[in-house]
Amino acid sequence: EELDKSKKEIEAKQKEVVSLKNQMDILDKQISQTQISIIKVENNIDEKNIEIERIGVERLSLEQQIVEKKEVVATYLRELYREEDQDIVEALLLNDSLSDFFDRQHILTKVQEDIHTHVVDLLQLKEEAALQEDYAKQKKTSLLKLQDKLVIEKNNFQEQQSVQSIIFEQTKESEEKFQQLLVQAKADQTALSSSISALEQDARDKLEELSQAKG
C-alpha cells in the first residue's frame, strides 16, 4: 500500500512536470512569434519613415518648381502687359516697317501661348503637391497605427516573458519535488523489501522451531 501510494504521487508529479514543460514549449513558440511580429512591425515603421522622407523631398522639389514657374509666368505677364499698354498706332509708329510690326504681334501671340502653357504646368504642379500632401498624411496616419501596434506587441512580449519566468520556476520546483519523491520511493521500497525479507526469515525460523517441537 505504501509503495502504491508513492507510485501514484510520483505519477501525479511527473504529469505536472510534463504539463508545465508543455506550457513552456507553447509559450516559447508564442514568444518567438511575438518577436517576429515585433521585427516585422519595426521594419514596416522604417519603411513608412523612409517613404515619408521621400515624399517630403518630392514635395520640396515640387514647391521649388512651383516658385520657379510662378516667376516665369510673372515675367511673361509683365512683358505682355508692358506691350499691351501701347496702342496699335503707337506700335506701328515705333516699328520701322509693317513687317516688323507683324513680327512683334507674332511674338506677343507666342508669349500669350507660352503663358498659357506655363499656367497649365503650374496648376498641374499645384495639383501634384496637394496629392503628395494627402499621401503624406495617409502615411503618417498609417505610421501612428504601426507605432501603437508596436507598443502592444512589446507589452505582450514582456507579459509572455513574465509568465515564462513563473512557469520556469514552477517547473523547476515540480522537477525537484519529483526527484525527491523518486528518491524517497526507492528508499522506501528498499526499506520495505528489507523488512519483508527479515519477516520472511523470521517466519521460516519460527516454522522450523515448530517443526522441531512437533518432532
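1. Contacts along the chain. Of the contacts in the protein chain with a separation of 6 or more, 93% join residues 24 or more positions apart. This is a predicted model, and that figure describes the model.

2. Overall layout. The protein chain has three helices and zero strands. Read along the sequence, the pattern is α-α-α. Helix H1 covers 2-84. Helix H2 covers residues 88-94. Helix H3 covers residues 98-214.

3. Confidence. The average pLDDT of the protein chain is 77. A score of at least 70 is reached by 83% of the residues. Among the elements, H1 has the highest mean, 80, and helix H2 the lowest, 47. Over residues 88-93 the pLDDT is below 50. That stretch still has five contacts in the model beyond near neighbours in sequence.

4. Surface and burial. The protein chain has 215 residues, and 23% of them count as buried. Its accessible surface comes to about 16000 Å². Carbon and sulfur atoms hold 54% of that surface.

5. The largest nonpolar core. This core has 13 residues. Which members touch the most others? They are Val-41, Ile-45, Leu-150 and Ile-167. Helix H1 and H3 are the elements that give two or more residues to this core. The largest share, eight residues, comes from H1. Ile-45 shows the packing at residue level. Leaving aside neighbours within four places in sequence, Ile-45 is in contact with Leu-143, Leu-146, Gln-147 and Leu-150. Leu-150 is also one of the core residues that touch the most other members.

6. Gln-132. This residue sits in helix H3. Is Gln-132 buried or exposed? Its relative accessible area is 15%, so Gln-132 is buried; the cut-off for that class is under 20%. Beyond neighbours within four places in sequence, Gln-132 is in contact with Ile-55, Glu-58, Arg-59 and Leu-62. Two of these names return below: Glu-58 belongs to a salt-bridge network, and Arg-59 forms a salt bridge of its own.

7. Gln-160. Helix H3 also holds Gln-160. Gln-160 counts as buried because its relative accessibility is 15%. Not counting residues up to four places away in sequence, Gln-160 touches Leu-27, Gln-30, Ile-31 and Thr-34.

8. Ala-74. This residue is found in helix H1. Ala-74 counts as partly exposed, because its relative accessibility is 26%.

9. A search of the whole structure finds five salt bridges. One of them joins Lys-154 and Glu-42, with the closest N and O atoms 3.8 Å apart. Where do the partners lie? Lys-154 is in helix H3 and Glu-42 is in helix H1, 112 residues apart, so the pair links distant parts of the chain. Lys-154 is partly exposed, with a relative accessible area of 39%. Glu-42 is partly exposed too, at 31%.

10. Glu-51 pairs with Arg-54, the closest N and O atoms being 4.0 Å apart. Why is the separation about one helical turn? Because Glu-51 and Arg-54 are three residues apart in helix H1. Arg-54 counts as partly exposed at 37% relative accessibility. Arg-59 pairs with Glu-63, and here the closest N and O atoms are 4.0 Å apart. Both lie in helix H1, four residues apart, about one turn of the helix. Arg-59 is partly exposed, with a relative accessible area of 25%. Glu-63 is partly exposed, with 37%.

11. The network. Glu-51, Arg-54, Glu-58 and Lys-139 are linked in a network of salt bridges. The Glu-51 and Arg-54 pair has its closest N and O atoms 4.0 Å apart.

Terms used
Residues numbered from 1 in each chain as written. Predicted model: local features only at pLDDT ≥ 70, side-chain atom pairs only at ≥ 80, totals over all residues. Heavy atoms only, no water. Buried < 20%, exposed > 50% of the residue type's maximum accessible area, 1.4 Å probe, protein only. Contact = heavy atoms within 4.5 Å. Core = buried A, V, L, I, M, F, W, Y, C linked by side-chain atoms within 4.5 Å. pLDDT = per-residue confidence, 0-100. Areas by Shrake-Rupley, 256 points an atom, 1.4 Å probe, with all protein chains shown as cover. Salt bridge = Lys/Arg side-chain N within 4 Å of Asp/Glu carboxyl O.
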